[in-house]
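Me: I have a protein model open and I am new to this. Could you walk me through how to read it?

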Amino acid sequence: MDYLPEDNSRYKQVDYWDDRYRTEETYDWLGSFCKFQHLLENHVNKEDCILVLGCGNSSMSGDMYGAGYQSITNVDYSSVCVRALRARHRECPGMTWHEMDLQQLLFPDASFDVILEKATLDAIMVEEKSPWNLSTRTAATVHQALTEVSRCLKPGGRFVSITFASPILRKRLYAHAEYSWSVKTYSYDGGFEYYVYVMTKGEALSSEDAALEKRQTEGAESTPDTVTLPEEKTADDFLSKIDL
Ligand SMILES: C[S@@+](CC[C@H](N)C(=O)[O-])C[C@H]1O[C@@H](n2cnc3c(N)ncnc32)[C@H](O)[C@@H]1O
């Protein structure tokens, strides 16, 4: 079955994901856990209380559970997805599944040691014409999501964001003092070069990131005219369909 939508805007709509998850068993955006496990192991402990945002039907949570991560709470706003994944993993105590919007996380402050997202924020930004200047609406959505993530992290907790977006684009969103975290960047080979950002709650921004934020606030950060993305790899891959 072809899951490629006619229009990129469909990736932002819950009914697109509901329809897709009615028939699609599993799909791993940006590669499976084995590709970035070595990076996660440095930042996520087996006994950590972990929240996965926009879990989809990815095998990541199941693979992490199999690797010994004992407490994994999964949320997605697709009820179809949540029902299917809950049924699939009913034999796994320690894994839970909840229908929830990442803009309004129904968890108390400081609930998690680690919050993980893979390609979920990418899906929210997929329709943007320019990653340098997000539309007001998308910028507000991303800001609300990051505010919620920061709120739900314990002191010293880590927000791990796995994405196709390179530091020149993504640090502009993550390197803000109001989230009270530092930002570190790693990458892995998942067919293309993909990125893992680790934000640690309670640590200050590096001087370089603080300077980036200052330049943005002052409107002095330059924005290139064009960015080249990798050639299209699969038909069902929104990463290569973004207009830049
Ligand atoms: C590109 S898929 C990524 C799925 C999975 N994380 C992976 O790596 O394969 C994006 C997922 O985010 C979910 N999603 C998008 N917007 C969301 C929101 N506002 N709240 C919760 N989930 C959302 C979609 O339902 C979809 O499952």
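**Reading the model**

Reply: Strands (E, at least two residues) and helices (H or I, at least four) are DSSP runs, numbered from the N terminus. This is a predicted model, where local features need pLDDT of at least 70, side-chain atom pairs count only at pLDDT 80 or more, and totals for chains, interfaces and linings use all residues. Residues are numbered from 1 along each chain as its sequence is written.

Me: Is Val-183 buried or exposed?

Reply: Count C-beta atoms, placed from the backbone, within 10 Å of the residue's own: 20 or more others means buried, 12 or fewer means exposed, and in between means partly exposed. Val-183 counts as buried because it has 24 C-beta neighbours inside 10 Å.

Me: Which residues is Val-183 in contact with, leaving aside its neighbours within four places in sequence?

Reply: Two residues are in contact if their C-beta atoms, placed from the backbone, lie within 7 Å. With neighbours within four places in sequence left aside, the contacts of Val-183 are Lys-171, Tyr-174, Ala-175, Tyr-197, Met-199, Leu-205 and Asp-209. Distance along the chain is another matter. Val-183 and Ser-206 are 23 residues apart along the chain, and their C-alpha atoms are separated by 7.7 Å.

Me: What about strand E5?

Reply: Take two of its residues. Arg-158 lies in E5, which covers residues 153–163. Arg-158 counts as buried, since it has 26 C-beta neighbours inside 10 Å. Gly-157 is buried too, with 24 other C-beta atoms within 10 Å. Now leave aside neighbours within four places in sequence. Arg-158 is then in contact with His-43, Val-114, Val-198, Met-199 and Thr-200. For Gly-157, the contacts are Phe-112, Asp-113, Val-114 and Lys-201.

Me: How do I read the sides of a helix?

Reply: The arc is that of the directions from the helix axis to the C-beta atoms. In helix H1 (residues 14–23), Trp-17, Arg-20 and Tyr-21 are the buried residues. They fall within an arc of 95° seen down the axis of H1, so they line one face of the helix. Asp-15, Arg-22 and Thr-23 are exposed on the other side of H1. The buried residues of H1 pack against helix H4 (79–88).

Me: How many residues has helix H6, and how far does it reach?

Reply: The expected span of a helix is 1.5 Å times one less than its number of residues. H6 (residues 136–152) has 17 residues and reaches 24 Å from its first C-alpha to its last, close to the 24 Å expected at 1.5 Å a residue. Its buried residues are Ala-145, Leu-146, Val-149 and Cys-152. These cover an arc of only 130° around the axis, which puts them on the same side of H6. On the other side of H6, the exposed residues are Thr-136, Arg-137 and Ala-140. Strand E1 (49–53), E4, H5 and E5 are among the elements that cover the buried residues of H6.

Me: Which loop residues should I look at?

Reply: Check phi. Ala-119 is not a glycine, although it has a positive phi of about 65°. It is found in the loop between strand E4 (112–118) and H5. Ala-119 is buried, with 23 other C-beta atoms within 10 Å. Ser-180 is not a glycine either, and its phi is positive, about 60°. Its loop runs between helix H7 (167–174) and strand E6 (181–189). Ser-180 is partly exposed, with 17 other C-beta atoms within 10 Å.

Me: What surrounds the ligand?

Reply: A residue is near a molecule if its C-beta atom, placed from the backbone, lies within 6 Å of it. Here 20 residues surround the ligand, and the closest are Trp-17, Gly-54, Gly-56, Ser-58 and Lys-118. Helix H5 (residues 120–124) gives the most to this shell, with three residues. The shell divides into 10 nonpolar, six polar and four charged residues. Nonpolar means Ala, Val, Leu, Ile, Met, Phe, Trp, Tyr, Cys and Pro; charged means Asp, Glu, Lys and Arg; the others, Gly among them, count as polar.

Me: Where does pLDDT stay under 50?

Reply: pLDDT is the predictor's confidence in each residue, from 0 to 100. The protein chain averages 91, and 90% of the residues score at least 70. Over residues 225–236 pLDDT stays under 50. Where pLDDT is low, the predicted coordinates should not be read in detail.
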